[in-house]
Amino acid sequence: MKVLKLKKVIKNLGVRSAAAAMIVFLLTVAATCVGGYLLYNATKESVYLKGRVNAVQSAKDFDGYLLVRKNTVILASHVVDEMIRDGRPQNKILEYLTAESLSIKKSIDKDYTGLYGWINGEYCDGDGWVPDEDYVPTERPWYLETMADDRDVTFVSPYVDEQTHTVLTTMAKQLSDGKSVIAMDVTLSRIQDITEKVAADTPGSIGIVLDSTGQVIAHSDAGELGKNYLEETNTLGSELAGKLFEESQTQFDFSYENQKYMVFVERIEGGWLSVSLINTRIFYRPLIFILILLALLTVLEAVVFASVLYNQMRKNLALASAEEAMSANRAKSRFLSRMSHEIRTPINAIIGLDSIALRDEGISAHTREELEKIGSSAKHLLSIINDILDMSRIESGRVVLKEELFSFQEFLDQINVIVSGQCAEKGLRYTCEKKTAVDEYFIGDNLKLKQVLINILGNSVKFTDPPGEITFFIEQTETDGNQPQLLFTMKDTGVGMDEEYLPKLFDAFSQEDTGNTTRYGGSGLGLAITKSFVDLMNGDIRVESKKGVGTTFYVTVPLRAADEADLPKTASKEAGEETASRASLAGCHILIAEDQEMNAEVLTDLLELEGLTSEWAENGRKAVELFEKSKAGHFDAILMDMRMPVMDGLTATREIRKLSRPDAQTIPIIALSANAFEEDVKQCLDAGMNRHLSKPVDLEKLLDTLGEIVVPSTHDPVLPE
């Protein structure tokens, strides 16, 4: 029965039409699957990079902390060896240990307990501690383990101090006489602090440091300190330790109680293991949201496909109708193949309808709260899509610089508003100062320069604890060709970085095993992308940093001086030439060229709320016809979509500009398009449009743009039907 029904459907549609419909649907499903797969791989790579960075950076911090104390023991052992060989008396050796203990406590570690040891058959303590009579140094672990160990410095088995609840270990070294041992107790609280901080900075991560016996030396959960994972059973720690000590891997996947982790391992001083776990489910949440949206779109395509077949079977449409339906499906397939246009269009409707609904003063407080959540979620999804598309665009080398006139003071004010707000929220002091006089106007890409500075200052805010300070200085100099050059100096009192890490700071990580390093930042595209922007501007970026002191960035960028002809006109204008303000837009009549009826309805309603009327053309050809048949001045502006059936927005704009009527060359045409790349903007301007605004439509920005370029006609307002 089902076979007969399928044959009937194919007969009504025609073999070629049915095959075309099936191909369109399969291509849509394939495009969705490929897009989801690419997004999954991108997210997985992001998890890998974050975990590897946490493991490598933590291991470097741990090694640096332990190496200073290890070298202290080695240095002290060399001095005592020399004193023994020179026949120096025991009291002189004790005096040295006492003086060295006091010096190290002042310069390295205030919690330092002093150098001590079994020397020439006697116990010596540089901190002045006198043991009980039953204390036998040669029977203590620090002596026994050191005598049985052939390493340069022995890391004695750590233990948890009962009073301070911190983990302690002893570093000890056997002296050249084969009987004497010099030792130093080391608190590992700093390693615990580093482990907790790294885990706190990465949601869903766990940091662990284990000694060679499986004992927990540091853990992002302090309650785990002192446990021995090799002695436990049926716990996350015991399962993890089993893999760590049975397999010599630096990275592997790990599952426990329905949670999945990526595990990264680095060996550090003392034969210990620095382990970083990343809970992949937390990182995959935004991806799941996008995949659900793609799945819903696929289901929608399936419903449309089934509906077309069902309607064609019942109505027995002619071949022309079937071909038209297939053409619509092919258009949808091409539409879905471009992710920006695919997702921005429904988001435009969501945000627009949400904005309209929020203007209704009669809705309840609960409904308003839910609508605000919808708007916030839609904007968050839009930011995720923008980040993914921007990253792809940068990696493909499609970034180009704009050459636009901009006010430096406005540029600086925008940065200060953002950064000062972040500092105020965190309790930091922020200072911005011009060290020299700076020109009022420049020509260059102020958006990318602003992104560079905000990214660096944002990192300073992130890595500076209150009550810290962030300073931002600006100086203007000149190059050899008398071209103005700006030097931006950004200094913070944050955590700083190791000097040996600085040469790798701007390296872009792809895979750790190929030697690439990570990008800093969050938000963004990171310091590697920041440097690429600076390089694209023929600028320079340098950094100075010291661990625990702070970091200073120096960004030097050449800009083009604004000529007299470039400067904005400040003289008063004639009454007929004065630019329309927001307040004068009421009564303006707008032509909307938009192929999506829902988007057109939303835009019509938004304009109507501001006192503007409009007419809708469902494609570019219809827009040209409506404009050509109207009287001069009937429309005050045209809002033109770029991608439309029958005739696209670019072609429609060229056709309008070629018409032989007085307002064909002067009517403002504004592109409203989901195609938001710089090359799309250039295409619009080259075609004769006045401005380009990206979807989803920002009503305030649209009204501001109309207010800048629209001169209202003298005709009576066109009332909506």
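Among contacts in the chain (heavy atoms within 4.5 Å) between residues at least 6 apart in sequence, 65% link residues at least 24 apart. This is a predicted model, in which local features need pLDDT of at least 70 and side-chain atom pairs count only at pLDDT 80 or more, while totals for chains, interfaces and linings use all residues. Residues are numbered from 1 along each chain as its sequence is written, and side-chain values use heavy atoms, with hydrogens and water left out.

The chain contains 18 helices and 24 strands, taken as DSSP runs (helices H or I, at least four residues; strands E, at least two) and numbered from the N terminus. Of its 721 residues, 46% are buried, that is, under 20% relative accessible area, with exposed meaning over 50% and partly exposed in between (1.4 Å probe, protein chains only).

Helix 6 (residues 236-246) illustrates such burial: Leu236, Gly237, Ser238, Leu240, Ala241, Gly242 and Leu244 are buried there. The buried residues of helix 6 pack against strand 7 (205-210), strand 9 (251-256), strand 10 (259-268) and strand 11 (272-279).

Further along, strand 21 (residues 613-617) includes Thr613. Thr613 has a relative accessible area of 12% and is therefore buried.
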